[in-house]
Amino acid sequence: MWRPPQRIRFTAAAGRVPSAAEAAASRLFSPINIGPVALAQRTWVPAMVPWRATEDGYFTDEVVEWYERFAQGMPGAIVVEATGIRDVPSGPLLRIGHDRFLPGLTRLAETVRRASEGRTRLLIQLIDFLAIRRRPEPKKFFERFLAITDRHRAALPGLVDAEIRSRLSTMSEDGLAGVLSPDEVEALQFGYRERVTDMQHAHIRDLPQVLPGLFAEAAQRAEKAGFDGVELHYAHAYTMASFLSRTNTRDDGYGGVRESRVRLPLEVFAEVRRHVGKGFAVGCRFLADECIAGGSDVGDAAYFGVAFARAGMDFLSTSRGGKFDDAKQPSVGTAAYPYTGQSGYECMPQFISDERGPFGRNAEPTAAIRKAVCDSGRAVPVVCTGGIHNFEMAEDYLARGVCDIVGAARQALADPDWFRKTLLGFGGEVRVCEYTNYCEGLDQKHKPVTCQLWDKLPSGPSERRTADGKRRLTAPAWQPPG
């Protein structure tokens, strides 16, 4: 992962610990509505992919236990990990693209409701993503994947196609740059990746006609399974975020200027809203800043936020960065990971940072988006995430109008009970995230995501562990004293 050159070390602190009475009277633990859905408090566990699903996208016991453990902390809302809306192979990621996934979805919703004693609302994040392949071995790339064209034949005249492939496999990078197209060079050096601007492909051209229906059908399944709402994934490196990006140069009315780039996200939302009930919440997660050269910035995000609010979304959740555009070159046999470049660092900064530090880098952009939404005359709750790890920080964000709801991913992973401990007056017992990004390193390798703090505490014989037996799969249990 990219690291800032300053290498300044920061330590996350527990901050001022409130009494139970102070916590109960705080903004953080006050109720709020996201559209038709009432949250008992303004605490939010954002979507995190724990890599516990089957290769076919089904729920496992480990997946259910992961969310059950967060539910025991009784936050206002939990958002289930990015879940694929297409019925296509996608590795060990959850899927919702067919009715056969309904039993697992239903079991999860029932488990969260029971574990939280009905206090936590459950949403699921719906995602679409385009094809990406592993970086190939050069020999295999030239023998099997490269389509020989007249461009190659003109650059290497007098050779038949098999001889062209052989010659290319022996050429230097500089030599290849004179023969291969930029897309072919990228496929060789990084692995093939589809973009929303690949208009030469019919399935890419047709995305605006296909995606609204797929998202709507997925949302219907979530509602049928007992979820309280959906979060449309318009963030990071994936399809919908790519439509919003300034790098989207489609010429079919869905790219270029802001009004065209936001068109498909609005059409997806409208189709989802038409297919679910009035009591079902629909919002989105999108980027406050892409954090890449030539990408969308907070001005774009404020425009999108206002457009989403005017369209009737029930909540807006912000993130930042996490793009393929500046990802590091993967090793042969692995795929590019969108959190390895500088934009990835902005999404998940760690305790070694620059002068701004790793905490709250998303606060001011989110505040600007919220202000734009409020100035437009809309009152749509805004969720802010990014390095929030204690009551004092969360309460400050709410008091200053940075956001209306506080999301905490890594801190909730470190201690799923931190909200509950704080509310009950046991904030001094909270395990504070160290922001080493141990969890992010596991995610990059598609290993079951855990927290290194969990294994510093004694474990019981019945706790489920990773296949190698070295790590807990869920956080240690906690019960209030007495």
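A residue counts as buried under 20% relative accessible area, as exposed over 50%, and as partly exposed in between. By that scale E65, at 25% relative accessibility, is partly exposed. The views below are all taken from a predicted model.

View 1. Leaving aside residues up to four places away in sequence, E65 touches R464 and T474. The view also takes in L108, which stands 43 residues from E65 in sequence, while the C-alpha atoms of E65 and L108 are 8.9 Å apart in space.

**View 2. The salt bridge between R464 and E62.** In this view R464 pairs with E62 in a salt bridge whose closest N and O atoms are 3.4 Å apart. Since E62 sits in helix α2 and R464 in the segment after α20 (438-444), the pair ties together parts that are 402 residues apart in sequence. Both partners are partly exposed, R464 with a relative accessible area of 32% and E62 with one of 25%.

**View 3. Helix α2 beside helix α3.** The axes of helix α2, which spans residues 61-72, and of helix α3, which spans residues 102-115, come within 8 Å of each other and cross at roughly 30°. Angles under 35 degrees count as roughly parallel, and α2 and α3 are therefore roughly parallel to each other. Their crossing is right-handed. On the α2 side the contact is made by D61, V64, Y67, E68, A71 and Q72, which meet R107, L108, T111, V112, R114 and A115 of α3. Sorted by class, this contact of α2 with α3 holds six nonpolar, two polar and four charged residues.

**View 4. Helix α3 against helix α10.** Here α3 is shown with helix α10, residues 207-225, and the axes of these two helices come within 8 Å and cross at roughly 50°. That angle makes α3 oblique to α10. The crossing of α3 and α10 is right-handed. From α3, the residues L102, L105, T106 and A109 meet R221, K224 and A225 in α10. The residues of this contact divide into four nonpolar, one polar and two charged.

**View 5. The salt bridge between R250 and D252.** Side chains of opposite charge can pair when their charged atoms come close. In this view R250 forms a salt bridge with D252, and the closest N and O atoms of the pair are 2.7 Å apart. R250 counts as buried, its relative accessibility being 3%, whereas D252, at 30% relative accessibility, counts as partly exposed.

**View 6. The salt bridge between E271 and R274 in helix α13.** The side chains of E271 and R274 meet in a salt bridge, with a distance of 2.4 Å from N to O. Because E271 and R274 are three residues apart in helix α13, which covers residues 263-275, they are separated by about one helical turn. R274 counts as exposed, with a relative accessibility of 61%.

View 7. Across the whole structure, a search finds 38 salt bridges.

Key
Residues numbered from 1 in each chain as written. Predicted model: local features only at pLDDT ≥ 70, side-chain atom pairs only at ≥ 80, totals over all residues. Heavy atoms only, no water. Axes fitted to C-alpha atoms, helices over the stretch in contact; angles between N-to-C directions. Helix = DSSP H or I, 4+ residues; strand = E, 2+ residues; numbered from the N terminus. Parallel < 35°, antiparallel > 145°, perpendicular 65-115°, else oblique. Left-handed = near helix turned anticlockwise from the far one by under 90°. Contact = heavy atoms within 4.5 Å. Nonpolar A, V, L, I, M, F, W, Y, C, P; charged D, E, K, R; others polar. Salt bridge = Lys/Arg side-chain N within 4 Å of Asp/Glu carboxyl O. Buried < 20%, exposed > 50% of the residue type's maximum accessible area, 1.4 Å probe, protein only.
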